[in-house]
Amino acid sequence: MINVLFGMAAIILTGIVWRLVLGGKSAETMRSHLAQAVYHIFLPALVVHVLWQFPVGLNTLRVPIVAALSVLLSLLAAFLLYGNGKLVRAFMPGTPDKAVGALLLACAFGNFSYLGLPVLSQTFGSWAQVVAIHFDLLASTPLLFTVGIILARYYGTAGEGMHPLVSLLRVPAIWAAAAGLILSVFAVPMPAWLGESLSTLGAAVVPLMLLSVGMALRWQAGWLPRIPVLLPVMVIQLLLMPLIAWGSAIGVGMPDKFMAPVVIEGAMPTMVLGLVICDRFKLDVSLYAEAVTLTTLLSLMTLPLWLQAVS
């Protein structure tokens, strides 16, 4: 996995350098266009292609159950630490609610697609992409656009135009997952030309996702005093969540072949998409961006350790 992570780190670093070369606004515009292309075209194509070929069975239930338990129990742990706002106020006086909302999202929702897909596919093979898709689109994303948005509204602003269920139904990859599962259940044969098109589109997902992650990483001045506030995010996201995923996977009888990919998926750093939600609901975007940056950098060290532990 070390070589895999070095290769992906090089692409992420390219995104960081590209952001510096382009400058703040231009880089954010470019990153937004890349993310939109992945979100609306390339990722849905990959999801349909993978799920269409994967037989629906017990693992189609096991992985989302593990994912849901990982997200919800991590969110509970975060709420116990951050919910009363005391920890935030001790180091960040002024806007505790906005900071608390951002921290709760940062603790509970990992970068299961944007980093999980490339890590699993490069480490275990293309078959493992189905684990990332099941983990994210059948559990984490529905929870993000329901529970996550409810929390963002509570700690931030009303977020006009972001009704949870409407937002969930606007996620193209959710519809792609539904289509892929239906086609798999009814054993509809995949035309060769369509399979080739979906495969070609899906191949763009990994490099574009990694570039987008690199361009999303930000570092703000005066970060050192905020480390105590961000420390629980790092512990929950990189240590507690994979432990929950591991225990839950054992509890649901996860096959050995799926065990390591599920645990590695649970060990992903904070998701990049949360930046959009924090911005929409006026949560602390800078603090959330620091959580993404720190957990992403640290995950380059923790992911190999988890792989070694679970293998």
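This is a predicted model: local features need pLDDT of at least 70, side-chain atom pairs count only at pLDDT 80 or more; totals for chains, interfaces and linings use all residues.
Biologist: OK, which residues of the largest nonpolar core touch the most other members?

Modeller: A nonpolar core is a set of buried Ala, Val, Leu, Ile, Met, Phe, Trp, Tyr and Cys residues joined through side-chain atoms within 4.5 Å. Buried means under 20% relative accessible area, exposed over 50%, and partly exposed in between (1.4 Å probe, protein chains only). Here the largest core has 113 residues, and Leu43, Val47, Tyr82, Val119, Ile264 and Tyr288 touch the most other members. Helix H7 (residues 129-155) gives the largest share of this core, 14 residues. Helices are DSSP runs (H or I, at least four residues), numbered from the N terminus.

Biologist: And what does Val119 touch?

Modeller: Contact means heavy atoms within 4.5 Å. Leaving aside residues up to four places away in sequence, Val119 touches Met1, Leu5, Met8, Ile264, Met268 and Leu303.

Biologist: Now pockets: what lines the largest pocket?

Modeller: On a 1 Å grid over the protein atoms alone, a pocket is an open set of points where a 1.4 Å probe fits, with protein on both sides within 12 Å along at least five of seven lines; lining residues have an atom within 4 Å of a point. The largest pocket is lined by 37 residues, and Gln36, Tyr39, Phe145, Leu273 and Val276 lie nearest its centre. H2 supplies the largest share of that lining, eight residues.

Biologist: What about the second largest pocket: which residues lie nearest its centre?

Modeller: Leu46, His49, Val50, Ser126 and Gln129, out of 14 lining residues. H2 again gives the largest share, this time four residues.

Biologist: Last one: is Ser74 buried or exposed?

Modeller: Ser74 sits in helix H3 (residues 59-82) and is buried, with a relative accessible area of 0%. Its side chain reaches the backbone oxygen of Ser70 at 2.7 Å. Beyond residues up to four places away in sequence, Ser74 touches Leu69, Cys107, Ala108, Ile236, Met241 and Ile244.

Key:
Residues are numbered from 1 along each chain as its sequence is written. Side-chain values use heavy atoms; hydrogens and water are left out. Helices (H or I, at least four residues) and strands (E, at least two) are DSSP runs, numbered from the N terminus. A polar contact is a pair of N or O atoms within 3.5 Å; within protein, one must be able to donate a hydrogen and the other to accept it, and residues adjacent in sequence count only if both atoms are side-chain atoms.
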